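Reader: I'm new to this structure and would like a close look at a single part. Could you take me through one aromatic spot and then show me what surrounds it?

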Amino acid sequence: MSRECGTTADTDGRGLHRIAVLALPGVPPFELGIASRVFGSATDEAGAALYEVTVCTADGAPVLSDAGFTVQPAAGPEALAAADTVIVPPTHAMPELARGGPLPPAVTAAVAGIRPGTRLVSICTGSYVLAAAGLLDGRPATTHWNLAPEFRRAYPRVTVDEDVLFVDDGDVLTSAGVAAGVDLCLHMIRRDHGSSVANRTARMCVVPPWRDGGQAQYIDRPVPAPTVATTTATRAWALERLAEPLTLAELAAHARMSLRTFTRRFRDEVGMTPVQWLTGQRLEIARQLLESSDLPVDLVAHRSGFGSANSLRQHMRTAFGVSPIAYRRTFHGPAADPAAHPAPA
């Protein structure tokens, strides 16, 4: 699930977007390091850094990670107050949060110091911290799929979707377990600076720019027998033909399965229906074309497989809350109005 709205947060005088990562007692080192690694690898075309990442604690004191070593922060709660984005990794040392209990006073005070309008982000069960602070009330969010039932009981005012890798609700974003934090950070870079910067960052980190599907594909289920056919080859085949009108029957025929079997197996493997997957892939192509070219919207729609500009507009408004022209202007400015560029002969 992704709903992109609003503009990016302010930056400092050097043009750097300030990110504060709140390290809490019991923080897992991998999740703690995600933001520094991913955002620290994001640069412009000249190689200049785009983000400044600071690891802080609620009171400025060191905290013990769940790996048994101490994390020495670079700052205290003042980093949260100065940040454009605050990221909260998980903690394994606050079991009371699983029951809807309160945050420790120092954490409550630190979170209360965050400026209004700051972008708030959680990785995995960092969502418990945001929820305990009341920052997810009435909002859609996600967390690790295995803890979704517990999370619902503890925080009934949060709309939980455990089938997705991350949820973008504008100024509040939440991700699923562990590696989904990488997915979310790359999504934020893409939202801030476009696909080119996000893709370059992904290459530097040696990770895919985006992953298909959601958490449903990782939920514990029996492993299929080696002889059972998969939809992998058909997905690769479809990716080469996204500009063409592909029907479910054609996909099933390529996979040599019945419609019913193909649909069920596709959902099991990818975590969404074939139609949802195709739409997502086509939207990604459309976004790249809108960001990197001056092609008219109707040609972008044709090349991305939506057939018409009206269809592309409807899908982009549903997925991102903006029209193709508005999306393009985010990256090219007001002069980039596709209506001013006639289609090539």
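Author: Y128 is buried, with a relative accessible area of 5% (buried means under 20%, exposed over 50%, partly exposed in between, using a 1.4 Å probe and protein chains only). Y155 counts as buried too, at 7% relative accessibility. Keep in mind that this is a predicted model, where local features need pLDDT of at least 70 and side-chain atom pairs count only at pLDDT 80 or more, while totals for chains, interfaces and linings use all residues. Residues are numbered from 1 along each chain as its sequence is written, and side-chain values use heavy atoms, leaving out hydrogens and water.

Now for the rings. Rings of Phe, Tyr and Trp (its six-membered ring) pair if their centres lie within 6.5 Å; planes under 30 degrees apart are stacked, over 60 edge-to-face, and the rest tilted. By that rule there are six aromatic pairs. One of them joins Y128 and Y155, edge-to-face, with 6.0 Å from centre to centre and 85 degrees between the planes. Y128 sits in helix α4 (residues 126-132) and Y155 in the loop between α5 (148-154) and β8 (159-160), so the pair ties together parts that are 27 residues apart in sequence. Helices and strands here are DSSP runs numbered from the N terminus (helices are H or I, at least four residues; strands are E, at least two).

For another pair, look at F262 and F266: theirs is tilted, with 5.6 Å centre to centre and 55 degrees between the planes. These two are four residues apart in helix α10 (residues 259-270), so about one helical turn separates them. F262 is buried at 0% relative accessible area, and F266 is buried at 2%.

Next, the sheet. Six strands form an open sheet in the order β2-β1-β5-β6-β10-β9, with mixed pairing (two strands pair if DSSP finds at least two bridges between them). At the edges stand β2 (51-56) and β9 (166-168), each with a single partner strand, so one side of each has no neighbour in the sheet. Neighbouring strands are turned by 15 degrees against each other on average, direction ignored. Within the sheet, β5 (residues 85-88) and β6 (residues 119-122) pair in the parallel sense over four bridges, and T85 stands opposite R119 in β6.

Two helices lie across these strands. Helix α6 (residues 180-193) lies across β2, β5, β6, β9 and β10 (172-175), at about 150 degrees to β10. Those angles run from 0 to 180 degrees between N-to-C directions, with axes fitted to C-alpha atoms, for helices over the stretch in contact.

Zooming out, the protein has 14 helices and 10 strands, and 49% of its 345 residues count as buried. Average pLDDT is 87, with 86% of the residues scoring at least 70 (pLDDT is the predictor's confidence in each residue, from 0 to 100). Over residues 1-9 it is below 50, and this stretch has 28 contacts in the model beyond near neighbours in sequence (contact means heavy atoms within 4.5 Å). Residues 217-227 also stay under 50, with 13 contacts beyond four places in sequence.
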